[in-house]
Amino acid sequence: MASHRRPKQPSRARVTVLTTAAAAAVAFSAQAANAAPSEKPTKDEVKAKVDKLYEQAEQATEKYNGAKEKQEKLQKEISTIQDNVARGQEELNELRDSIGLAAAAQYRTGTIDSSLQLFLSSNPDDYLDKASTADQLSAQQVEALKKIQEKQRELAQERSEASEKLKDLASTRTELGKKKQEVQGKLAEAQKLLNSLTAAEKAALAAEQERANRSSSSRVDLGDTPAGSSRAMAAFQAAQSKIGSPYVYGASGPSSFDCSGLTSWAYAQAGVSIPRTSQAQANAGTRIYSQSDLRVGDLVIFYSDLHHVGFYAGNGQVLHAPRTGTTVRYESIGNMPFQFGVRI
């Protein structure tokens, strides 16, 4: 007969633990229910965060521009080297053909010497290193072999240089991709913040930006500040012709610009080539540390890492492409941390 055992009762300690845990869970739930919801950031707080993200995006943009400029330079250098290698190979083939014809002629007459036989089956370096072989060659043949040796060394060096530059190009392209992702990430984060605003708040911010673009895009009193040079004035006037054009990261004209894209494009219109990035432009001329010494057309560098550049427009104004969401416009030089000017 099966025995019927009485179920084992939970111990007093186990009951105490379970009761305590249940009480804690209830208390936690009550606290969570009664907790005040996190406050939604105000329009001005969102704008401040967005402005900071746009500044970070511009920092990344200048690094992106630097990588892009390096990539284009490497591509041109590699193309030049490859063209040189192709021409050099043709010259080498012609030199080898000339030696081959001489050998063929001697073979037909039965007078081919051992040195040419050796040449046809080995490297020219092998016999010019041996005086006994050189003695068996005519002066013309020796000269031809020396040219072949020189051309082989030259081609080997150029191929090695091309190989190194191709490696550099690959790493530069990787860097370019990372910087592009960084810019896009900052812009996407800024857009996400803007999307959190109400329709009325978005409209208010858009109206503020439109007023800023409109008021600072019109001709302003630039005073009687002289130009740094005739070409500086020509560059400044070229930039003036683009007032109202939108800021687009990585753009260098003619319909949209980022900060250094505007300055490099404008100087190009004046017949002057300057570097692509703001950091490189900071070293493109004579530095001017006093704002009172600035002249129209001088470059003006902002921020400690030199990530922003514009034109000095006179009367304490700069003409520049500010950031995403803005257009080429005038602005007070005091709106950004001035570092120095650069006279090209």
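A: Happy to; we can go through salt bridges, a loop residue, strands and pockets.

A: This is a predicted model, in which local features need pLDDT of at least 70, side-chain atom pairs count only at pLDDT 80 or more, and totals for chains, interfaces and linings use all residues. Residues are numbered from 1 along each chain as its sequence is written, and side-chain values use heavy atoms, with hydrogens and water left out.

Q: Thanks! How many salt bridges are there?
A: The count comes to 14 salt bridges. A salt bridge here is a side-chain nitrogen of Lys or Arg within 4 Å of a carboxyl oxygen of Asp or Glu.

Q: What does lysine 70 meet in a salt bridge?
A: Its side chain meets that of aspartate 168, at 3.3 Å from N to O. The pair links distant parts of the chain, with lysine 70 in helix α2 (residues 43-109) and aspartate 168 in helix α6 (residues 139-195), 98 residues apart. Helices (H or I, at least four residues) and strands (E, at least two) are DSSP runs, numbered from the N terminus.

Q: Which residue does lysine 167 pair with?
A: Lysine 167 forms a salt bridge with glutamate 164, at 3.7 Å from N to O. Both lie in helix α6, three residues apart, about one turn of the helix. Lysine 167 counts as exposed, at 53% relative accessibility, while glutamate 164 is partly exposed at 46%.

Q: What about glutamate 182?
A: Glutamate 182 forms a salt bridge with lysine 179, and their closest N and O atoms are 3.6 Å apart. These two are three residues apart in helix α6, so about one helical turn separates them. Glutamate 182 is partly exposed at 34% relative accessibility, whereas lysine 179 is buried at 18%.

Q: Which residues are linked in a network of salt bridges?
A: Lys43, Asp44 and Glu208 are linked that way.

Q: Changing topic: where is threonine 277?
A: Threonine 277 sits in the loop between α9 (259-269) and α10 (278-281). It is buried, with 6% relative accessibility.

Q: What does threonine 277 touch?
A: Leaving out residues up to four places away in sequence, threonine 277 touches Glu62, Asn65, Gly66, Glu69 and Ser260. Contact means heavy atoms within 4.5 Å.

Q: On to the strands. Which way do β3 and β4 run?
A: Strand β3 (residues 308-314) and β4 pair in the antiparallel sense over three bridges. Two strands pair if DSSP finds at least two bridges between them. Phenylalanine 311 has leucine 319 in β4 as its bridge partner. β3 and β4 form a hairpin with two residues between them, and asparagine 315 in the turn has a positive phi of about 55°.

Q: Where do the side chains of β4 point?
A: In strand β4 (residues 317-320), Gln317 and Leu319 point one way and Val318 and His320 the other, and all are buried. In a regular strand the side chains alternate between the two faces of the sheet.

Q: What else does β4 join?
A: Four bridges join β4 to strand β5 (residues 329-332), and the two run antiparallel. Histidine 320 has arginine 329 in β5 as its bridge partner.

Q: And which strands does β6 pair with?
A: Strand β6 (residues 338-343) is joined to β1 (residues 286-288) by three bridges, running antiparallel. Strand β2 (residues 299-302) also pairs with β6 in the antiparallel sense, over four bridges.

Q: Last topic, pockets: what volume does the largest one have?
A: The largest pocket holds about 380 Å³ of space. Of the 19 residues that line it, the closest to its centre are Asp51, Tyr303, Pro322, Arg323 and Glu331. A pocket is an open set of points on a 1 Å grid over the protein atoms alone, where a 1.4 Å probe fits, with protein on both sides within 12 Å along at least five of seven lines; lining residues have an atom within 4 Å of a point. Grid points are joined across faces, edges and corners, and a volume is the space filled by probe spheres set on the points.

Q: Which element supplies the largest share of that lining?
A: Helix α2 does, with five residues.

Technical notes. Buried means under 20% relative accessible area, exposed over 50%, partly exposed in between (1.4 Å probe, protein chains only).
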